[in-house]
Amino acid sequence: MEKAILDFLDGVTKINFGFVWSLFGVALLAFWLVVLYWVWLDSGDRITNKGVRIAYVFLTAVLFVPGLIIYLLIRPSQTIEEIYWGDLERRYLKYET
C-alpha cells in the first residue's frame, strides 16, 4: 500500500501543469462563449431592443461572472410571451365581466 501511494505521489510530480492550465483555459473560454450565447438568447426572449441586448452581452463579456450576476438582477422578470398571454388573459376576464 505504501509503495502504491509513493508511486502515485511520484507520478503527480511528473504532471505537465502547463498543459493542465491550457486545458483549463480552453474550458473556461468555452464556458464563457456559452454564457454569452445564453445571455443573447435570453435577452431576446425578454426585450425587443437590439441595442439593449448588445449592451447586456457586452456587460457579460467584459465582467464575466459579475456581469452575468448583474444581468440576472436587472433583466425583466417576464418574457415577452408571458406578458402577451397575461395581457390576453386580463382582456378576456374583462370581457367576461
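Colleague: What makes Arg46 and Asp42 about one helical turn apart?
Modeller: Arg46 and Asp42 are four residues apart in helix H2, so about one helical turn separates them. Keep in mind that this is a predicted model.

Colleague: Why is the contact between Arg46 and Asp42 called a salt bridge?
Modeller: Their closest N and O atoms are 3.2 Å apart. The cut-off is within 4 Å, so the pair counts as a salt bridge.

Colleague: How do you know whether Asp42 is buried or exposed?
Modeller: Buried means under 20% relative accessible area. Asp42 has 10% relative accessibility, so Asp42 counts as buried. Arg46, at 13%, counts as buried too.

Colleague: What joins Asp42, Arg46 and Arg75 into one network?
Modeller: Asp42 also meets Arg75 in a salt bridge, at 2.7 Å from N to O. This pair links distant parts of the chain, with Asp42 in helix H2 and Arg75 in the loop between helix H4 and helix H5, 33 residues apart. Salt bridges that share partners therefore join the three residues.

Colleague: Now the helices: why is H2 called roughly antiparallel to H3?
Modeller: The axes of H2 and H3 cross at roughly 155° and come within 9 Å. Angles over 145 degrees count as roughly antiparallel, so that is the name for this pair. Residues of H2 making the contact include Trp32 and Val35, and Ile54 is among those of H3.

Colleague: What makes Ile54 exposed?
Modeller: The cut-off for exposed is over 50%. Ile54 has a relative accessible area of 52%, so Ile54 is exposed.

How values were computed:
Residues are numbered from 1 along each chain as its sequence is written. This is a predicted model: local features need pLDDT of at least 70, side-chain atom pairs count only at pLDDT 80 or more; totals for chains, interfaces and linings use all residues. Side-chain values use heavy atoms; hydrogens and water are left out. Axes are lines fitted to C-alpha atoms, for helices over the stretch in contact, and angles run from 0 to 180 degrees between N-to-C directions. Helices (H or I, at least four residues) and strands (E, at least two) are DSSP runs, numbered from the N terminus. Angles under 35 degrees count as roughly parallel, over 145 as roughly antiparallel, 65 to 115 as roughly perpendicular and the rest as oblique. Contact means heavy atoms within 4.5 Å. Buried means under 20% relative accessible area, exposed over 50%, partly exposed in between (1.4 Å probe, protein chains only). A salt bridge is a side-chain nitrogen of Lys or Arg within 4 Å of a carboxyl oxygen of Asp or Glu.
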